[in-house]
Amino acid sequence: MAIDAVSLAAKALDGLYLRSAALAHNLANMNSPRFQSVEVNFESALREAANVGSSAVDVLQFGFTAGKLFGPGDERREDLLLVDASINAMRYAALSDLIGRRLAIASAAAGAR
């Protein structure tokens, strides 16, 4: 069964949104003496669900996982977190644009009938 591109992209937006929250948490707390970062890794789960079918994609949920534990004196790279946040924002914007274009095409096609 083919997966609707808009549904798949919308589910990916859920993962990207959660990842942005994780990145914000990491940036806000990175200077805490004992800091544990959080991550959101959803791409492989989304890919596997897409191979199963649309029902698997619909019920898929993403969550936070524990990342690196930083102790006092450990190097913390704010610049790399900002790069990750920028990449995540670009992916979110691209998928939002894709969904908007697909819906506009569908709307124009429905209007032409």
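1. Let's start with the greasy spot on the outside. V83, I87 and M90 make up a nonpolar surface patch with about 270 Å² of accessible area together. Patches here are built from residues with over 30% relative accessible area and no salt bridge, where nonpolar side chains (Val, Leu, Ile, Met, Phe, Trp, Tyr) are joined within 5 Å and like charges within 9 Å. Areas come from the Shrake-Rupley method with a 1.4 Å probe, and for residues only the protein chains shown count as cover. M90 sits in helix α4 and, at 56% relative accessibility, counts as exposed. The classes are: buried under 20% relative accessible area, exposed over 50%, partly exposed in between (1.4 Å probe, protein chains only).

2. A word on what we are looking at. This is a predicted model, where local features need pLDDT of at least 70 and side-chain atom pairs count only at pLDDT 80 or more, while totals for chains, interfaces and linings use all residues. Residues are numbered from 1 along each chain as its sequence is written, and side-chain values use heavy atoms, with hydrogens and water left out.

3. Overall layout next. The chain has 4 helices and 2 strands, running α-β-α-α-β-α from the N terminus. Elements are DSSP runs numbered from the N terminus: helices are H or I with at least four residues, strands are E with at least two.

4. On overall dimensions, the C-alpha trace spans about 65 × 25 × 15 Å along its principal axes. The radius of gyration is 18 Å, whereas a compact globule of 113 residues would come in near 13 Å. That radius is taken over C-alpha atoms, and the globule rule is 2.2 Å times the number of residues to the power 0.38. Of the 113 residues, 27% count as buried. The chain exposes about 7,400 Å², with carbon and sulfur atoms supplying 57% of it.

5. Contacts are worth a look too. Among those between residues at least 6 apart in sequence, 79% join residues at least 24 apart; a contact means heavy atoms within 4.5 Å.

6. Now helix α1. Buried residues in α1 include V6, A9, A12, L16 and L23. Their cover includes β1 (35-39), α2, α3 (54-59) and α4.

7. What does N26 touch, leaving out residues up to four places away in sequence? The list is F35, S37, V38 and L81. N26 lies in α1 (residues 5-29) and counts as buried because its relative accessibility is 5%.

8. How many salt bridges are there? The count is 4, taking a salt bridge as a side-chain nitrogen of Lys or Arg within 4 Å of a carboxyl oxygen of Asp or Glu. One of them joins D14 and K11 at 4.0 Å, N to O. These two are 3 residues apart in α1, so about one helical turn separates them. In general, an α-helix has 3.6 residues a turn, so residues three or four places apart point the same way. D14 is partly exposed at 40% relative accessibility, while K11 is buried at 12%.

9. Another bridge pairs E43 with R19, the closest N and O atoms being 2.9 Å apart. This pair links distant parts of the chain, with E43 in helix α2 (residues 43-52) and R19 in helix α1, 24 residues apart. E43 is partly exposed at 30% relative accessibility, and R19 is buried with a relative accessible area of 13%.

10. Back to helix α4 (residues 78-111), where R101 and D97 lie 4 residues apart, about one turn of the helix. Their closest N and O atoms are 2.7 Å apart, forming a salt bridge. Are the two partners buried or exposed? R101 counts as exposed at 55% relative accessibility, and D97 as partly exposed at 40%.

11. Last item: G100, also found in helix α4. G100 is partly exposed, with 38% relative accessibility.
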